[in-house]
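Here is a short note on the model below.

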Amino acid sequence: RMTGKRAPFKQDGSGYAVRLKSVVYQHGGRLNQQQPVPVYVAGEEAAAAMPMLVDSGTTLLWLPGSVFYPLQRRIEEDISLTRRYDLTHPSLYCYLGNMTDVEAVSVTLGFGGGADLELFGTSLFFTDENLTEDWVCLAVAAGNRAILGVYPQRNINVGYDLSTMEIAFDRDQCDRV
């Protein structure tokens with residue numbers, strides 16, 4: 001479905017890429033919400049925006065280290081949970097806690113064309129039911145390039161219009177089966 005906010009995309013190899021113009025962090029509920037904190041803002045020119053591959057075959061949201069680490073530090077300061085290390089996945093930032101502990105965290109990705117995608121809950125964090133302790137892991141990692149994987153696309157209808165080269169993002173509640 002082509003509903004919701006739209007952003008232009010370009011062919012990038014065998015996939016599609018949108019232009020990431022901003023990453024904004026926010027923490028707090030409706031009554032005690034902090035001011036949004038820009039973590040990454042591209043210049044005024046469209047060419048300054050970072051290409052972000054939209055890839056449902058990739059699990060996480062990948063951001064270059066210059067964007068990821070300041071974002072991760074802000075999140076870690078606000079959630080105040082004990083970090084846990086998964087030696088099989090060293091790029092993951094996991095914490096002793098559960099989804100309730102991180103429900104006030106949100107990150108908004110701003111794309112060229114004016115579309116925004118707010119990530120929170122299961123589009124920003126995930127849990128591993130195979131662990132004996134309660135762990136909650138950040139669904140964002142540091143990488144060589146920006147990639148919008150499947151976790152940040154949870155509960156989002158993502159539509160592609162190949163005739164206009166636009167991608168549409170629309171929040172949609174999907175039931176877990």
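1. The charged end of Arg83 lies over the ring of Tyr93, 3.8 Å from its centre. A charge counts as over a ring if NZ of Lys or CZ of Arg is within 6 Å of the ring centre and within 35 degrees of the ring normal.

2. This is a predicted model: local features need pLDDT of at least 70, side-chain atom pairs count only at pLDDT 80 or more, and totals for chains, interfaces and linings use all residues. Residues are numbered from 1 along each chain as its sequence is written, and side-chain values use heavy atoms, with hydrogens and water left out.

3. The whole structure holds 7 aromatic pairs (rings of Phe, Tyr and the six-membered ring of Trp, centres within 6.5 Å; planes under 30 degrees apart are stacked, over 60 edge-to-face, the rest tilted). Phe9 and Tyr160 make an edge-to-face pair, 6.0 Å centre to centre with 80° between the planes. Phe9 is in strand 1 (residues 5–12) and Tyr160 in strand 14 (residues 156–161), so the pair ties together parts 151 residues apart in sequence. Phe9 is buried at 4% relative accessibility, while Tyr160 is partly exposed at 34% (buried is under 20% relative accessible area, exposed over 50%, partly exposed in between; 1.4 Å probe, protein chains only). Phe9, Tyr16 and Tyr160 form one aromatic cluster.

4. An open sheet has 4 strands in the order 6-7-11-10, with antiparallel pairing (strands are DSSP runs of E, at least two residues, numbered from the N terminus; two strands pair if DSSP finds at least two bridges between them). Its edge strands are strand 6 (83–84) and strand 10 (125–127).
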